[in-house]
Amino acid sequence: LDDLLVIYQNPTSTLVTPETDLLILNNSERGWQLGHRAKAAGEVRLLVSEDMNGDDQPDIAWIDTTCGAGTCFDNIEVYSWTGDVWQDWLDGTIAMAYAEITVDDASEVGQADEIVLKGGVYGSVGAGPQRGRMEIWGSIEGAPYRLIETTYDPSNCIYHVVLDANAAFIQGRDDDFAAAEALYTKAATDTSLTKCWVRENEEEELRSFSLFRLAVVAAHQGKTDVAGDLIGSLTASYPGSIYDLAGQVWQSNFQQSNNIDSACAAVNDFA
């Protein structure tokens with residue numbers, strides 16, 4: 001028996017985007033039964049109504065778009081038929097500003113088709129330094145869709161280079177901090193990078209922070225002399241700055257304890 005998918009609009013809605021909703025009606029011997037109601041917040045657009053992840057169960061995915069004063073957000077919902085009910089088939093929340101959305105076999109990690117979003121740049125003037133990104137959401141071995149990859153657009157802003165360096169620093173495993181070291185070095189020394197917001201002394205703050213983090217990276221790599229030289233460069237280039245002061249606290253404790261965790265705890269106390 002074929003089920004029925006209904007998308008309908010509120011004719012009296014005064015929202016920027018049309019107020020719509022989505023119903024899934026299951027056909028049975030007792031007639032139509034409500035299988036799921038989206039209770040959408042904005043305008044609904046159907047994305048998929050087929051077995052999207054190759055688990056031999058039908059899926060329904062839709063986009064719920066809402067718009068504020070300066071930005072429109074696209075939210076994606078995915079529901080899968082379990083044999084008894086329509087179940088939420090997302091591990092997390094898929095939402096992006098001004099997203100370009102496709103469904104395609106875009107990754108070897110997921111099973112069958114993935115959901116690919118490109119966008120993420122807000123329309124609001126006060127949104128801060130921005131860059132677009134691509135997200136890939138996949139169903140691994142038929143499980144609910146989850147985020148499996150994020151790729152950011154290139155940027156010439158020091159701020160974004162520092163964000164990438166921070167991510168590489170956190171993800172360092174087995175003292176493999178090469179990516180973080182390269183990015184912090186770029187943020188600290190590459191004069192082609194520019195400030196991209198209105199924060200006072202933004203460039204000096206981000207470059208001095210990057211020198212401080214380079215010292216911490218060197219310590220993680222067992223290069224204690226290099227770490228000391230970097231703190232010296234920090235003091236020479238940005239005397240009296242907040243990261244010069246933090247660096248002095250870190251270096252003093254590290255020289256006494258020879259323990260990175262202890263030195264970082266001292267910086268936390270200082271902060």
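Is Ala-218 buried or exposed, and what is its relative accessible area? I found that Ala-218 is buried, with a relative accessible area of 3%; buried means under 20%, exposed over 50% and partly exposed in between, with a 1.4 Å probe and protein chains only.

**Basis.** I note that the model is predicted, that local features need pLDDT of at least 70 and side-chain atom pairs count only at pLDDT 80 or more, while totals for chains, interfaces and linings use all residues. Residues are numbered from 1 along each chain as its sequence is written, and side-chain values use heavy atoms, with hydrogens and water left out.

**Entry 1: helix α3.** I located Ala-218 in helix α3; helices are DSSP runs of H or I with at least four residues, strands are runs of E with at least two, and both are numbered from the N terminus. I recorded 19 residues for α3 and a reach of 27 Å from its first C-alpha to its last, close to the 27 Å expected at 1.5 Å a residue; the expected span is 1.5 Å times one less than the number of residues. Of the 19 residues of α3, 14 are buried, and the helix is mostly covered. Just after α3, I read a positive phi of about 80° at Gly-222.

Entry 2: Leaving aside residues up to four places away in sequence, I listed Lys-223, Val-226, Ala-227 and Leu-230 as touching Ala-218; contact means heavy atoms within 4.5 Å. Between Ala-218 and Gly-132 I noted 86 residues in sequence and 32 Å in space, C-alpha to C-alpha. Glu-202 also lies in α3 and is buried, at a relative accessible area of 5%. With the same exclusion of residues up to four places away, Glu-202 touches Tyr-159, Lys-195, Cys-196 and Trp-197. Glu-202 and Tyr-159 are 43 residues apart in sequence, and their C-alpha atoms are 8.5 Å apart in space.

**Entry 3: α3 against α5.** I looked up the packing of α3 (residues 202-220) with α5 (residues 242-257) and found an angle of about 15° and axes 9 Å apart. α3 is therefore roughly parallel to α5; angles under 35 degrees count as roughly parallel, over 145 as roughly antiparallel, 65 to 115 as roughly perpendicular and the rest as oblique. Axes are lines fitted to C-alpha atoms, for helices over the stretch in contact, and angles run from 0 to 180 degrees between N-to-C directions. The contact includes Phe-209, Phe-212 and Val-216 of α3 and Tyr-243, Trp-250 and Phe-254 of α5. By class, the residues of this contact of α3 with α5 are 9 nonpolar, 2 polar and 1 charged; Ala, Val, Leu, Ile, Met, Phe, Trp, Tyr, Cys and Pro count as nonpolar, Asp, Glu, Lys and Arg as charged, and the others, Gly among them, as polar.

**Entry 4: α3 against α1.** I found that the axes of α1 (residues 158-170) and α3 come within 10 Å and cross at roughly 20°. α1 is thus roughly parallel to α3. Among the contact residues are Tyr-159, Val-162 and Phe-169 of α1, and Glu-202, Leu-206 and Arg-213 of α3. The contact of α1 with α3 holds 8 nonpolar, 3 polar and 4 charged residues.

**Entry 5: positive phi in loops.** Lys-39 is not a glycine, yet I read a positive phi of about 50° there. Lys-39 sits in the loop between β3 (31-37) and β4 (43-50) and is exposed, with a relative accessible area of 63%.
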